[in-house]
Amino acid sequence: MCQSQSQAWREKRRVRDLDELRAKSGGIQFGQSMSGVAGTPTDGADPVARLQRAKEMLTGGLITDAEYESIKAKIVDRL
């Protein structure tokens, strides 16, 4: 029973960490506060860095191929 609960908590933490990483990469935006989140000059100034972060997340298994392609398309659209 304890092992089952421990695994459930680890999974919840893993999912939360994934959501936070996705939000940092620009894949998902949490909250409606737009101050410094999207469309800022610093956000669009370095698309290469954003692509590299997304690629690292893909190779690390944090996001799926479809999510990576979506992030990549958003970055390219802003160019």
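In the predicted model, Pro47, Arg50, Leu51, Ala54, Lys55 and Leu58 of helix α3 are in contact with Asp65, Tyr68, Ile71, Lys72 and Ile75 of helix α4 (contact: heavy atoms within 4.5 Å; helices: DSSP runs of H or I, at least four residues, numbered from the N terminus). By class, this contact comprises seven nonpolar, no polar and four charged residues (nonpolar: Ala, Val, Leu, Ile, Met, Phe, Trp, Tyr, Cys and Pro; charged: Asp, Glu, Lys and Arg; polar: the others, Gly among them). The axes of α3 (residues 47-59) and α4 (residues 65-77) come within 10 Å and cross at roughly 180° (axes are lines fitted to C-alpha atoms over the stretch in contact, with angles from 0 to 180 degrees between N-to-C directions). The two helices are therefore roughly antiparallel (angles over 145 degrees).

Four salt bridges are found in the whole structure (a side-chain nitrogen of Lys or Arg within 4 Å of a carboxyl oxygen of Asp or Glu). Glu69 is partly exposed at 39% relative accessible area, as is Lys72 at 29% (partly exposed: between buried, under 20%, and exposed, over 50%; 1.4 Å probe, protein chains only).

Arg16, Asp17 and Glu20 form a salt-bridge network. Arg16 meets Asp17 at 3.8 Å and Glu20 at 3.9 Å. Arg16 and Glu20 lie four residues apart in helix α1 (residues 2-25), about one turn of the helix.

Residues are numbered from 1 along each chain as its sequence is written, and side-chain values use heavy atoms, without hydrogens and water. Local features need pLDDT of at least 70 and side-chain atom pairs pLDDT 80 or more, whereas totals for chains, interfaces and linings use all residues.

Conventions. Parallel < 35°, antiparallel > 145°, perpendicular 65-115°, else oblique.
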